[in-house]
Amino acid sequence: MRTKLDSARDLATQFFTFIGLCALLALCANNVAAAKNHEVQLLTADGSGQTMVMSPGYLKIAKGDTVTFVPADVTHNVESVAIPSAAKKFSSTMGQKFTYTFDEQGVYLYKCTPHFVMGMLGVIQVDSADNLGDVKKQWETVGAGVVMNKERVASYLAQVK
Ligand SMILES: [Cu+2]
C-alpha cells in the first residue's frame, strides 16, 4: 500500500531527476560552442595606401572555425606556405571565394600565389601557437623571395601570442 511518505519520495526523486537533467543540458550547451565563420578580403588596394594585401593580415580564431577568403578580383587566391604539420595544405582557384576549416591548432602562414613577391601574405592563428618557431624559421627561407612589403609578415607574426 502506498503511503503519503512513498508519494513524497517519488515526488522528490522526480524533482531531483529533473534538476539533474537541467544541469546536464546546461553543461552540454556550454561545451558545444558553435564554430564561427570569419572573412579575409584579398585586396588589390585597401583604401589606406596598401596594395596587394590581405585584410585582416593577422587573424586569431578558434579550432574548428572556418575562414572564407574573398578575392577582390580574378588576380588573387590563397595558398598555404607554412602550416601546422597535421593540417591539410590548401591552394584556391584564382578569383574564387574559398572556405577552409581550421581543424588543427597553430600558426598558418599563407600567400596569394601571383602577389607573393609583393608581400601579399597573411597569418592566421588557431588557438595556441605551438609551431610559431617552425613558421618563423620557414619564413626566413621563403621570405627571401619577397621584394615588397616584407615587413608585413614580421608585424603579423609579432601579433601571435
Ligand atoms: Cu593577390
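**Note on the predicted fold and its annotated site**

1. Apart from residues within four places of it in sequence, His-115 is in contact with Met-52, His-76 and Met-120; contact requires C-beta atoms, placed from the backbone, to lie within 7 Å. The model is predicted: local features require pLDDT of at least 70 and side-chain atom pairs count only at pLDDT 80 or more, while totals for chains, interfaces and linings use all residues. Residues are numbered from 1 along each chain as its sequence is written.

2. His-115 is located in the loop between β7 (106–111) and β8 (121–126). Strands are DSSP runs of E with at least two residues, helices are runs of H or I with at least four, and both are numbered from the N terminus. His-115 counts as buried because 22 C-beta neighbours fall inside 10 Å. The criterion for buried is 20 or more other C-beta atoms within 10 Å of the residue's own, with 12 or fewer for exposed and partly exposed in between; C-beta atoms are placed from the backbone.

3. The unreviewed UniProt entry lists His-76, Cys-112, His-115 and Met-120 under "binding site". These residues are spread over 45 residues of sequence, yet they cluster in space, with a largest C-alpha distance of 9.4 Å. UniProt positions follow the numbering used here and feature names are shortened; such annotations may be inferred rather than shown by experiment.

4. His-76 occupies the loop between β4 (66–71) and β5 (79–82). Because 24 other C-beta atoms lie within 10 Å, His-76 is buried. Beyond residues up to four places away in sequence, His-76 touches Leu-42, Pro-71, Gly-95, Cys-112 and His-115.

5. Overall, the chain contains three helices and eight strands, which follow the order α-β-β-β-β-β-β-β-β-α-α from the N terminus. Of its 161 residues, 27% are buried. Contacts between residues at least 6 apart in sequence join residues at least 24 apart in 64% of cases.

6. β1 (residues 37–45) and β2 run antiparallel and are joined by four bridges, and Leu-43 stands opposite Val-53 in β2.

7. A further open sheet, also of four strands and mixed pairing, has the order β3-β8-β7-β5. Here β3 (58–61) and β5 are at the edges, each with a single partner strand, so one side of each has no neighbour in the sheet. Direction ignored, neighbouring strands of this sheet are turned by 30 degrees against each other on average. The pairing of β3 with β8 is parallel, over four bridges, and Lys-60 has Gln-125 in β8 as its bridge partner.

8. Helix α2 (residues 132–142) lies across β5 and β7 at about 105 degrees to β5, whereas α3 lies across β3 and β8 at about 10 degrees to β8. Axes are lines fitted to C-alpha atoms, for helices over the stretch in contact, and angles between N-to-C directions run from 0 to 180 degrees.

9. Val-153 belongs to helix α3 (residues 151–158) and is buried, with 24 other C-beta atoms within 10 Å. Leaving aside neighbours within four places in sequence, Val-153 contacts Leu-121, Trp-139 and Gly-143. The C-alpha atoms of Val-153 and Gly-143 are 8.8 Å apart, for a separation of 10 residues along the chain.

Definitions and conventions: Contact = placed C-beta atoms within 7 Å. Pairing = 2+ DSSP bridges.
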